[in-house]
Amino acid sequence: MKIETIKTLGALKTSGYQSKSIKDELRDNLIKNIKNKVTTFTGIHGYENTVIPELERAILSRHNINLLGLRGQAKTRLARMMVNLLDEYIPVVKGSEINDDPLQPISRYALELIAEKGDDTPITWLHREDRFAEKLATPDVTVADIIGDVDPIKAANLKLSYADDRVIHYGMIPCANRCIFVINELPDLQARIQVALFNILQEGDIQIRGFKLRLPLDMQFVFTANPEDYTNRGSIVTPLKDRIGSQILTHYPHTIDTARSITSQEAKLDSRQTESVYVPDLAKDLLEQISFEARESEYVDVKSGVSARLSITAFENLLSTAERRALLSGDDKTTVRLSDFIGVIPAITGKVELVYEGEQEGADFVANALMDEAIKTLFPKYFPKIEKLEKQGEETPYDDLISWFFNGDGFELLDDFDDTTYKSKLDEVKPLDALLADYQPDIDKRDVYFEKEFILWGLVQFKKLSKYRYSEGLQIKDPYGSYISGL
């Protein structure tokens, strides 16, 4: 017989069911997973040797946990995934507001019901998916919201005195008894609200108005917070911090490969996009490098952080830009172009907090500067490095390409070129073929034209060519040819 089919307290006792605290549930199930080599926190990339071991140690220690890190570092996702470590079902006294354990009741309602009905007390079963509660801390949160308050309507309906504890309306925390309770952005809670959590974490007491209830709540608290210097909105009061067992620092991906795994997993793409738009590997690396550049940029507030959501939404925009272009030109399939990256600017400007200098330059300027820096960073990994200072007369691998532009009238790539026209325009620049043959001989054929464009943009960043953007597309020219020809 499945245990969740038991409907009365007497049958529960007969079954041999043993009550267990939520922290012991988490601990015992984690131990099973570790022994059986089962991954608990699936889909979390880059934390395998840092955050996840610390989180597992905190669970084994039965600690309440504070996940401290900048935005977009999967703090809330980690907390939600802890639900997988709970038992599938737990018994609850039917009708209990605070999920009373039938074998260890704590509320007046459950105690009186069991005293009245004994082994016939009805029970229900709570699935682990229903044992997660979450509250975003905001300055307007009150003690009544999270702890409880006197309910005058209940007092009137039941004809009870305000001195009777049955007039209490329980807040979110007591109602989440025997659950994982997450408070996001803990520093945003006013200090007096944080103080109200002291006894719950330490003793299990809750105090509402004049009542002091001895309710040993069975809770697993997980708090998330940005570093205290993130903003001036507030901080975690020291006595509360002292009562949180483990504080775990989260971080952004350390490598582009990890960042790419996150973006690929999280991007919400239409299947028609993935079928019709091919994305070169270099384009994926470049997209992630933009986030890395933003986290180091003098224009971006590093204390605010640059969320992994920047890369995710930018990737979605990139594919949509290529898809829209293909639809307009009548191409059934297409490949992402470097010029398509203009479509990711809205994803960047909406995800970065600018410092004063960035605000002065403007969000669009900063977004374009980040893309330029990403190209400049990646270029030497694919093609020979261009030195800032070169000896006069010394040959470089790019001499033929630069001469091609010096002796020509420039080169235009319009945004609405169909694939055939786009490729034929790039094929006109013959020195690009030689560079690819020499330095990227094993390149995937589908990546050829993206890398050709990448060479041109790279030379622009190193001041060997100049690029002009206008409404219909862009023009690449020799930076000095026009001056010489005009002499």
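**View 1. Packing of helix H19 (residues 399-406) against helix H22 (448-461) in a predicted model**. The two helices pack at an angle of about 85°, and their axes lie 12 Å apart, where axes are lines fitted to C-alpha atoms, for helices over the stretch in contact, and angles run from 0 to 180 degrees between N-to-C directions. H19 and H22 are therefore roughly perpendicular to each other, given that angles of 65 to 115 degrees count as roughly perpendicular, under 35 as roughly parallel, over 145 as roughly antiparallel and the rest as oblique. Leu 401, Ile 402 and Phe 405 of H19 meet Ile 455, Leu 456 and Leu 459 of H22, contact being defined as heavy atoms within 4.5 Å. The residues of this contact divide into six nonpolar, no polar and no charged; Ala, Val, Leu, Ile, Met, Phe, Trp, Tyr, Cys and Pro count as nonpolar, Asp, Glu, Lys and Arg as charged, and the others, Gly among them, as polar.

**View 2. Packing of helix H2 (residues 22-35) against helix H3 (51-60)**. The axes of H2 and H3 come within 8 Å and cross at roughly 130°, and the two helices are therefore oblique to each other. On the H2 side, Leu 26, Arg 27, Leu 30, Ile 31 and Ile 34 meet Glu 56, Ile 59 and Leu 60 of H3. The residues of this contact divide into six nonpolar, no polar and two charged.

View 3. Helices (H or I, at least four residues) and strands (E, at least two) are DSSP runs, numbered from the N terminus. Asn 64 is buried, with a relative accessible area of 8%, where buried means under 20%, exposed over 50% and partly exposed in between (1.4 Å probe, protein chains only). The side chains of Asn 64 and Lys 23 are joined by a polar contact of 3.1 Å, that is, a pair of N or O atoms within 3.5 Å, of which, within protein, one must be able to donate a hydrogen and the other to accept it, and residues adjacent in sequence count only if both atoms are side-chain atoms. Leaving aside residues up to four places away in sequence, Asn 64 also touches residues including Leu 201, Met 219, Phe 221 and Ile 244.

**Notes.** Residues are numbered from 1 along each chain as its sequence is written, and side-chain values use heavy atoms, with hydrogens and water left out. In this predicted model, local features need pLDDT of at least 70 and side-chain atom pairs count only at pLDDT 80 or more, whereas totals for chains, interfaces and linings use all residues.
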